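Visitor: I'd like a walk through this one, please. Could you start with the terms and then take my questions?

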Amino acid sequence: MTKFEKIIPPEGGEKIIVENGEIKIPDNPIIPFIRGDGIGVDIMAATRPVLDAAVKKAYSGKRRIVWFEIHAGLSALKLYGNDRVLPEDTVNAIREYIVALKGPLTTPVGGFKYVCLVCAAEQDDVDGKRPDKCIKCGSEFVTPRFRSLNVGLRQKLDLYACVRPVRWFRGVPCPVKNPEKLNVIIFRENTEDVYAGIEFEQGTPDAEKVIKFLNKEMEKNIRSDSGIGIKPISVTGTKRLVRKAIQYAISHKKRSVTLVHKGNIMKFTEGAFRDWGYELAKEEFRDKIVTEKELWDDFDGRVPDGKIVIKDRIADQMFQQVLLRPDEYDVIATPNLNGDYLSDACAAQVGGLGMAPGANMGDYIGLFEATHGTAPKYTGMDKVNPSSVILSGTLMLEHMGWNEAAELIVHGIEKTIQQKRVTYDLERQMEGATKLKCSEYGAAIIENM
Ligand code: NAP
């Protein structure tokens, strides 16, 4: 049993455990949650009652979530002090309890030395000293710049798959004619590719060293005034991601898994991703899959009963496909950068990021989270749309096998949107809609379950 420094697990709940390679969910699982910074506080306050109400209704009170608050960002700074924005307690709690829900967290983006965790303003020292107050909002919660807490959590817990389902909810305003035709789940590799952080700034001795090595030893011809980024893609990283995508396709009875890559240009990284993806599919799922080539060579284009088609598409083509033939795609597995672009493009097609849930997953651990940021200008206004975290919560319930509760929530959201009772972001795009606060919208979903 892990000893925590400053948090106490709640009474009355049990731990989710892993047994024989599967997660076992008790009827009263302890689920850690991080409120998050900025609007995180409002959206998490609206979300938990929705999940609780759905579980209560679906299982007549026989099941319930026992919430366990853990801390990152501003709330961690308040509790732990000493600039500790991602305490070990938090990482250990997620590792121990396996399934967790998370609001958005402030991530410094500019080149400044300090960041305010209340308003996300970034700033430098004042007369060579650390500022004791934020220059923008006056808060005392200014910390030295830190690396993204989201990335920190992913790395420490080895959450190698970023999972983003994208579908349309009836009534949501969107830019395409048939938004209902897009219903995909994107498995984006989370640990490799140009996101691995291997970069050398132009003009630095390190960049010069790398350029010299490549030009001299490898006979390349790189301009001396270049910055350099390195794109590692491994057999291990690829196969575990594709495995997860195929397992999902099997357990959710999906028709196909598409490997999206740019292998025509980057043969040994993106092209290799495709090759290793097919290899894994044949090695581990031979009796459950058929490749697109086999489909045409051996089955005249007709999918044999119960088989999942494994196909691949070049990334640029895929952006056309999701607009022109969206219903031909179910599960998508792709390296990090393609997945980043593609998941936002797909989300925009069905009405935007506000309605897009997400999860970061390892072999067993699942950290379910909103896909948007902390929108600090709306902090404490009880204004924004909590759907992204609520839907991440439904994804969490599905991961736990509590599908009936997840369905109730989706139904509640659809009905609320069809009644045109929505938060400001949707209200401004809909004719005759009623604008609800964040908390009112959560209550309306419960009413409509
Ligand atoms: P953002 O927080 O995602 O907000 C950008 C805009 O998106 C908002 O001003 C708002 O648009 C809209 N929006 C975001 N969430 C919404 C919601 N729940 N309901 C309705 N509209 C919503 O992006 P940002 O302002 O660039 O980033 C703020 C901070 O969040 C930064 O520190 C950033 O690094 C961090 N961030 C964290 C995560 C994460 O934790 N996963 C992800 C992304 C960014 P309108 O202004 O049009 O109303």
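Guide: A salt bridge here is a side-chain nitrogen of Lys or Arg within 4 Å of a carboxyl oxygen of Asp or Glu. Bear in mind that this is a predicted model, where local features need pLDDT of at least 70, side-chain atom pairs count only at pLDDT 80 or more, and totals for chains, interfaces and linings use all residues. Residues are numbered from 1 along each chain as its sequence is written, and side-chain values use heavy atoms, with hydrogens and water left out.

Visitor: Which residue forms a salt bridge with aspartate 83?

Guide: Between domain 1 and domain 2 the count is one salt bridge. For aspartate 83, the closest N and O atoms of the pair are 2.7 Å apart, and the partner is arginine 130.

Visitor: Which residues make up domain 2?

Guide: The bounds come from an automatic or database domain assignment. Domain 1 gets 1-107 + 148-164 + 355-449 and domain 3 gets 175-192 + 233-349, which leaves domain 2 with 112-147.

Visitor: How much area is buried between domain 1 and domain 2?

Guide: Buried area is the accessible area (1.4 Å probe) that two parts lose on being put together, summed over both. In domain 1, Leu74, Asp83 and Thr106 lose the most to domain 2, together 38% of what that side buries. Carbon and sulfur atoms give 68% of the total between the two domains, which is about 1,100 Å².

Visitor: How are the rings of tyrosine 59 and tryptophan 402 arranged?

Guide: Rings of Phe, Tyr and Trp (its six-membered ring) pair if their centres lie within 6.5 Å; planes under 30 degrees apart count as stacked, over 60 as edge-to-face and the rest as tilted. The whole structure has six such aromatic pairs. With centres 5.7 Å apart and planes at 65°, tyrosine 59 and tryptophan 402 are therefore edge-to-face.

Visitor: How far apart in sequence are lysine 15 and glutamate 96?

Guide: They form one of 29 salt bridges found in the whole structure, with closest N and O atoms 2.6 Å apart. Helices (H or I, at least four residues) and strands (E, at least two) are DSSP runs, numbered from the N terminus. Lysine 15 sits in the segment before strand 1 (17-19) and glutamate 96 in helix 3 (residues 88-97), so the pair ties together parts whose separation in sequence is 81 residues.
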